[in-house]
Amino acid sequence: MQLSLAQRARLRDAADRLASVGVCTPAMDSARKRNVRDESSWPPRLSLQLLVDVRAHADALPALGVIVESLPDLPAGAPGAGESAPGGGVRHSGRDEESAEQSVQDSDWPWGSGTRVAAPSSREPKSQQAVVSSLVASTVSWGSGTRVAAAPTVAESFAAVGVELAIPHIEDNRSAAAVLAEKGSGEPLLFDGLLDSLRGVPVDDLDGVGETTNEKMVAGGVSSVFDLLMRVPLRYVDRTQLAPLETLVAGTKQVTFVARVLGMKTDWEKRYVRFTLGDHRTNISAMFFHAMWMGQRFHRGDVLIVQGDLGEFNGALSMTSPLLELMSDSTAPLLAIYPQSQKHSVDTWMLRRAAVDALRRIPALDDPIPAPLLVRRKLPTRLAALRSVHVPESKADADLGRNRLAYDELLRLQLALGVLRNAQAAEPGVTHTPTGKLVDPWLAGLPYTPTGAQSRAIGQIRKDMVAARPMNRLLQGDVGAGKTLVLAATALMAIEGGYQAVLMAPTEILARQHFEEMAEVLRPLGVTVDLLVSRGLPRPRKNVLADLAGGHVNLLVGTHSVLSDPVVFANLGVALIDEQHRFGVDQRAVLATKGPGGSTPDILQATATPIPRTAAITTYGDVELSILDEKPPGRTPTVTTWLESATTDDPNSPVWKSIRSEISQGRQAFVVCPLVKVSGQDSETKMAAAAEDTCVALEAGALAGLRIGLATGKQKPDVRREMMRAFKERELDVLVATTVIEVGVSVPNATVIAILDATKFGLAQLHQLRGRVGRGRWPGHCWLVGQTNSEDGVARMDAMCETDDGFVLADRDLQIRGPGSLTGSAQAGRDAGLLVADLIDDARIHLAARADAHDILARDPHLHRSQLMKREVEAALGDDAHYLTKS
């Protein structure tokens, strides 16, 4: 008989499923080796015999997931499917696979006398052979007037031979110590006992890491035993907490169970591998896309531990890329799950097997942490920590081991930063002698009392300035927390002692803002303030440079170009750096050349972008920290409202009605245009075009009749500067702008800001933009306009509406986007070489490590007493390691 492609596929699938429980005939065996798409390889005799053989087990097929009605019908007069052998059984040929294949092609195939059934493969377990016998013994001849006996279900067949449907009960859990106590196949690894020395031990020294596996692991970033052991598992599977198959339901997250591989399909054209897992009563489809190597990893009949999210597809349970592990490879109580690399075919089983072998072959590790410190911190030794991480007895055991590895990294980092800090302190600095003759009357004359945080910061700075070592301090404050007051007080303290001060800003707009503010408040005290930017100076550049070199300028305000060669100071004592991500080593070296007599001026960096303290002590780990966490009195909170839409031609939109209302009372407003990215980067050109379009639309639409200006980063500086001046002088009612107004623009009369497509901005940027209003005595209102379908987008909008505290928002940003999302934390961790520790999640450990590093360096500034620790810190310092040898 001739079968269609669909009929061949269904029959072959049924043969595969029967084979998964050990049932195989010569026709089945031959068909399973043929391509269903190649009709020429399916002779009519084979098709007919395969149909006869499969239908012989029709009553058992539903239990295997086969829809019997979908199979072709037997043609009239079809020969029998099997002739009753003496004793009621079916004859077994006893042929091997090769002879079975040959039998299909024999011209003298015995059609009339019954079907010969191939003996089960010797590779199958004997219990499955018994199952085969049970199944085939239930069939009788298809001769005239005979009927097929009712075949038992697969479950009944397994039960008949005493097997619980192919899923063994887990009773072989061993302790982690027992797993590690097994003798490895190799000798102890050759290295000098230091953890860092394992960087020189290649992974192909380990058992089971052959040439192919080694190539994969190296490509996946694991080239040494050090790389392997420092790749901490993502999570663990508890083998004692397994869900029974019959309890599985779609929608369950991270469920763990044991199942047998019932079938497998590899589609190279569509690039997927699909496993059928279960016990024939509860079956689950597991799909793996673009991971073709999975098809080589497991075989029918394998018993696996499975973990993942359960879904549903076409009414059946399904999973996408779950964790699959052979039961036989998983005997410890907790199964470590590692970061995998599909690109390089590096799976968790490969990493776990190598890590276990490595730990079996490392008898001891030198530990640089003094024993009393380990006892005080309740931490295990380094080797015990590695064993607990990779082969833990319990989750608590694994956590303790990971904490020790994180502590090691953070202590090493803080020791390195401490060494750098000590080296900087040894540099010749400027010793200031603030008298209070300028600062005290200025503070007393303010219309408000400085906050406690401002007074505390000024006191900390004063203490640094009178010391002989150079000050290196970070002033961190929220938007509107009053850091300008602290900067001004610092400049005055330097000027009181006869020194000059410089205030550097990252943009010309912010530099001009600072110049105007400083000149307004300090000139009445007799302080000379000057501006140095690219163009538009209040007086000729050559005059500014001459007066600066002659000591006639007390405070110079400008961008970082003031560090260039032509700028000479007569007696520079302090550098104030505003909104700079980090004032680096190279810039410090340049600044030192500007100081008096080769002395390094004091440095005070300031930022209005709150970041968690643990990120700050790494990103700015070699600086002291002052925090402004209070807002000056009189500052009114800004109300924030989120709307999904506000078209520019709808004057009745709440956004535009609010702006008109404020302007009618003599106030002003900002409209910020959408953030536009090209190739992942902000595109000022496209943002400028969007701002121009918005400006035109508002002039003709919702805000018609109002005085509207435009400010973008693509305008010529003179044009943008004139627009900003006009807005500050109240010659404009509304300023449509890009994010050029994000930092440094202070217009106390502006009370409302509308941020269009706000869902495209991050929390930190939204908070900075919101800080442009509410800076005077009138309350501010921020309108966030934009739609979002993402949970993170909704969470950001809700956070903005709930609080205007930047430190609270920094924590909310962490909750929404996870560790590493905040400014500096991810890059700081990578730059610091952290493989285990997380700058945010490990805050408690980080602070403890910093305190311990301080104590260690107080007793041993150059680590002469701890050579092991010194070697590790030298590795962390890299090119700056020479600081350790400085006296």
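## Report on a predicted model

In this structure, Asn314 is found in the loop that runs between strand E6 (311-313) and strand E7 (316-320). The structure is a predicted model, and the values given below were computed from it.

Asn314 is not a glycine, and yet its phi is positive, at about 55 degrees. Because its relative accessibility is 69%, Asn314 counts as exposed. A second residue that is not a glycine, Lys378, also has a positive phi, near 55 degrees. Lys378 belongs to the loop between helix H12 (371-377) and helix H13 (382-390), and with a relative accessible area of 68% this lysine is exposed. The table sets out the two residues.

| Residue | Phi | Relative accessible area |
|---|---|---|
| Asn314 | about 55 degrees | 69% |
| Lys378 | near 55 degrees | 68% |

### The protein as a whole

The protein contains 30 helices and 24 strands, and of its 887 residues 53% count as buried.

### A buried loop residue

Where in the chain is Leu703 placed? Leu703 sits in the loop between helix H23 (684-700) and strand E21 (708-711), and because its relative accessibility is 0%, this leucine counts as buried. Leaving aside neighbours within four places in sequence, Leu703 is in contact with Trp656, Ile659, Arg660, Leu698, Ile708 and Val734. Leu703 and Asp649, which are 54 residues apart in sequence, have C-alpha atoms 8.4 Å apart in space.

### Helix H16 and its buried face

Helix H16, made of the 15 residues 452-466, reaches 22 Å from its first C-alpha to its last, which is close to the 21 Å expected at 1.5 Å a residue. The buried residues of H16 are Ala453, Gln454, Ala457, Ile458, Ile461, Asp464 and Met465. Seen down the axis of the helix, these buried residues fall within an arc of 130 degrees, and therefore they line one face of H16. Against which elements do the buried residues of H16 pack? They pack against strand E10 (472-477) and helix H17 (483-496), and also against strand E15 (602-607) and strand E16 (624-628).

### Aromatic rings and charges

A pair of aromatic rings is described by the distance of the centres and the angle of the planes. When the whole structure is searched, four aromatic pairs are found. One of them joins Phe275 and Phe288 in an edge-to-face arrangement, with 5.9 Å from centre to centre and 85 degrees between the planes. Because Phe275 lies in strand E3 (residues 272-278) and Phe288 in strand E4 (residues 283-289), the pair ties together parts that are 13 residues apart in sequence. Both of these phenylalanines, Phe275 and Phe288, are buried, and ring pairs link Phe275, Phe288 and Phe298 into a cluster.

Conventions:
Residues are numbered from 1 along each chain as its sequence is written. This is a predicted model: local features need pLDDT of at least 70, side-chain atom pairs count only at pLDDT 80 or more; totals for chains, interfaces and linings use all residues. Side-chain values use heavy atoms; hydrogens and water are left out. Helices (H or I, at least four residues) and strands (E, at least two) are DSSP runs, numbered from the N terminus. The expected span of a helix is 1.5 Å times one less than its number of residues. Buried means under 20% relative accessible area, exposed over 50%, partly exposed in between (1.4 Å probe, protein chains only). The arc is that of the directions from the helix axis to the C-beta atoms. Contact means heavy atoms within 4.5 Å. Rings of Phe, Tyr and Trp (its six-membered ring) pair if their centres lie within 6.5 Å; planes under 30 degrees apart count as stacked, over 60 as edge-to-face and the rest as tilted.
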